[in-house]
Amino acid sequence: MYHFFVEPEQIGEKQIRILGQDVNHIRNVLRMKTGEQITVSSREDAGRAYRCRIDSFQDEQVNAEIMWVQEADTELPVRISLFQGLPKGDKMELIIQKAVELGACEIVPVASKRAVVKLDEKKAQSKVKRWNAIAESAAKQSGRLRIPQVKPVMSFKEAAAYGTGFDRKLIPYELAKGMDETRAALKTIQPGDSVAIFIGPEGGFEEEEVKQAAAGGFVPITLGKRILRTETAGMALLSVLMFHMEK
């Protein structure tokens, strides 16, 4: 079942108007016809999905008849934000896609000291725009009713300051203590908590960055005896949290 997101004002009592790029996607890419069914969600209501039947096509909009409304909760009972050190190449796109599938509600790109990638303001804005499109696509594919946001690129200092407002703060670090301490830290996470996860780039975090994060309340944890790639570390921790918190 194809899934689309719309603004709240596009949802009427009996009909939903689909606008923008989705019109071309429905008409020319998917080649859908009147009578075919789709799922539509509001960008601002993560607990409701509309099962619709395509009613008609206009030049710049698709009209969909609301068949029924389904109350659904596809979100984790905790709000997880992934603070991801900028990786090389296109790895960020994969990280965002998988983080959305695993339940992250927000991704924060972080320009830490050891990050090889350096983005000027114009390039960063272009990247963030694309990353948000990938997040939306992943939300559609995974059946989520909320589109996680990719925030503008932050420096480590900015990200650490932003992260202090979270209830639980974790930073995987190769010099952290053993798994017992990590398990204890994870057990403190409760439904309703906001959780910040800091993942370093390919070169990891500098010791001073870890100290700075720890001073702000971040708890250094280990992900095991093996060194994980930056694109693997966040996924490993998100998977553990999903399994731990999913009802």
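Helix H3 covers residues 121-141, and its 21 residues should span 30 Å at 1.5 Å a residue; the end C-alpha atoms are 30 Å apart, which agrees. The expected span is 1.5 Å times one less than the number of residues. This is a predicted model: local features need pLDDT of at least 70, side-chain atom pairs count only at pLDDT 80 or more, and totals for chains, interfaces and linings use all residues. Residues are numbered from 1 along each chain as its sequence is written, and side-chain values use heavy atoms, leaving out hydrogens and water. Helices (H or I, at least four residues) and strands (E, at least two) are DSSP runs, numbered from the N terminus.

**Helix H3**

- An α-helix has 3.6 residues a turn, so residues three or four places apart point the same way.

**The five-stranded sheet**

- Five strands form an open sheet with mixed pairing, in the order S1-S3-S4-S5-S2.
- S1 and strand S2 (15-18) are the edge strands, and each pairs on one side only.
- The twist averages 40° from one strand to the next.
- S1 and strand S3 (residues 37-42) run parallel, joined by four bridges; two strands pair if DSSP finds at least two bridges between them.
- His3 stands opposite Thr39 in S3.
- Helix H1 (residues 21-29) lies across S1, S2, strand S4 (48-57) and S5, and runs at about 155° to S1.
- For such angles, axes are lines fitted to C-alpha atoms, for helices over the stretch in contact, and angles run from 0 to 180 degrees between N-to-C directions.

**Strand S11**

- Strand S11 (residues 194-199) is mostly covered, with six of its six residues buried.
- Ser194, Ala196 and Phe198 point one way, Val195, Ile197 and Ile199 the other way, and all are buried.
- In a regular strand the side chains alternate between the two faces of the sheet.
- S11 pairs with S6 in the parallel sense over six bridges.
- Strand S10 (residues 168-172) also pairs with S11 in the parallel sense, over three bridges.
- Ala196 in S11 is the bridge partner of Ser81, and Lys169 stands opposite Ala196 as well.

**Glu75**

- Glu75 sits in the loop between strand S5 (62-71) and strand S6 (79-85).
- Glu75 counts as buried because its relative accessibility is 10%.
- Its side chain makes a polar contact with the side chain of Arg144 at 2.5 Å.
- A polar contact is a pair of N or O atoms within 3.5 Å; within protein, one must be able to donate a hydrogen and the other to accept it, and residues adjacent in sequence count only if both atoms are side-chain atoms.
- Not counting residues up to four places away in sequence, Glu75 touches Arg144, Leu145 and Arg146.

**Cysteines**

- The structure holds zero disulfides, a disulfide being a pair of cysteine sulfur atoms within 2.5 Å.
- Cys52 counts as buried at 0% relative accessibility, and Cys105 counts as buried at 13%.

**Ile227**

- Ile227 lies in the loop between strand S12 (219-221) and helix H7 (230-245).
- Ile227 is exposed, with a relative accessible area of 72%.
- The C-alpha atoms of Ile227 and Leu19 are separated by 46 Å, and the two residues are 208 residues apart along the chain.

Methods
Buried < 20%, exposed > 50% of the residue type's maximum accessible area, 1.4 Å probe, protein only. Contact = heavy atoms within 4.5 Å.
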